[in-house]
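Visitor: I am new to this structure and would like a friendly tour. Could you walk me through what is shown here?

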Amino acid sequence: SGPHHFAYWASGFRDASNLLEAAKNHGTEISSYLDLGCASGRVIRHLPHIDPSIDTWGCDINRLHVEWCNLNLGPEIKVFQNHSIPNLPMADNSLDMISAFSVFSHIEAFETAWLMEMRRILRPGGIAWITVHSEHTLADMTEDWPLWRPVMSHPEIYNLINQDRTFDGNRLTVRWQTDGSYSSNVFYKQDYLKKVWGKFFEVLEVRRQFPQYQDAMILRKRE
């Protein structure tokens, strides 16, 4: 967040609190938790202070994030590096909650494979909190949103979207041609998410712009 250090810290506390509140509201007790795409531990750094009994894990594709977390966060937080291929070194049915903040908004391949991997390691009744860009995100965003520049400055954007900022099909991928993973922004139709992701999980809630720019999909692994 550039120079906005306290805002970054506070946003992590807010999201950690929202996760636990959602789990409580849906009757799931959290004893183990993974943040997929944890970056510098924005969310996971707060869990041991909110509830020290939670076994807290994080993972990220960026090696530098992983090294920073393991050097600077407490010993009760474990962080490992993952790959863009959906394969996590965690046991079946081992977690009560998984979050993925601003991860599926950049996954243009292996979307459903990642859902299956998350489903594999969640216990029956476990909660997945996934934030996404939806068709509403594309329609609502303004020039002061962080998403505006990487999307609207793409040289092919007006070939990809309609005049009213809608798009055809179930997904829109705005990809910048680089060698790195996650160099694209992906938008999903909400009806698609409910229909397709609903095959893998029970869709409990869809929270629009919650808490800021992305929509939160709150899902549960069926018993």
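This is a predicted model: local features need pLDDT of at least 70, side-chain atom pairs count only at pLDDT 80 or more; totals for chains, interfaces and linings use all residues.

Visitor: How many helices and strands does the chain have?
Guide: Both are DSSP runs numbered from the N terminus: helices are H or I with at least four residues, strands E with at least two. Counted that way, the chain has eight helices and nine strands.

Visitor: What is the radius of gyration of the chain?
Guide: The radius is taken over C-alpha atoms, and the globule rule is 2.2 Å times the number of residues to the power 0.38. For 223 residues, a compact globule would come out near 17 Å. The chain agrees with that, at 17 Å.

Visitor: Is Ile121 buried or exposed?
Guide: Ile121 belongs to helix α4, residues 111-121. Buried means under 20% relative accessible area, exposed over 50%, and partly exposed in between, with a 1.4 Å probe and protein chains only. Because its relative accessibility is 0%, Ile121 counts as buried.

Visitor: Which residues does Ile121 touch, leaving out those up to four places away in sequence?
Guide: A contact means heavy atoms within 4.5 Å. By that rule, the residues touched by Ile121 include Leu34, Leu88, Met90 and Ala91.

Visitor: Where is Asn93, and what is its phi?
Guide: Asn93 sits in the loop between β3 (77-81) and β4 (95-100), and counts as partly exposed at 38% relative accessibility. Most residues other than glycine have a negative phi. Asn93 is not a glycine, yet its phi is positive, near 50 degrees.

Visitor: What is the phi of Ala39?
Guide: Ala39 lies in the loop between β1 and α2 (47-50). With a relative accessible area of 22%, Ala39 is partly exposed. Although Ala39 is not a glycine, its phi is positive, about 55 degrees.

Visitor: Which residue does the side chain of Asp164 make a polar contact with?
Guide: Asp164 is in the loop between α7 (157-160) and β6 (171-175), and at 53% relative accessibility it counts as exposed. A polar contact pairs N or O atoms within 3.5 Å; within protein, one must be able to donate a hydrogen and the other to accept it, and residues adjacent in sequence count only if both atoms are side-chain atoms. At 2.7 Å, the partner is the side chain of Thr166.

Visitor: Which residue is joined to Pro211 by a cis peptide bond?
Guide: Pro211 is in the loop between β8 (202-207) and β9 (215-220). Most peptide bonds are trans. Here omega is about 0 degrees, and the residue joined to Pro211 is Phe210.

Methods:
Residues are numbered from 1 along each chain as its sequence is written. Side-chain values use heavy atoms; hydrogens and water are left out.
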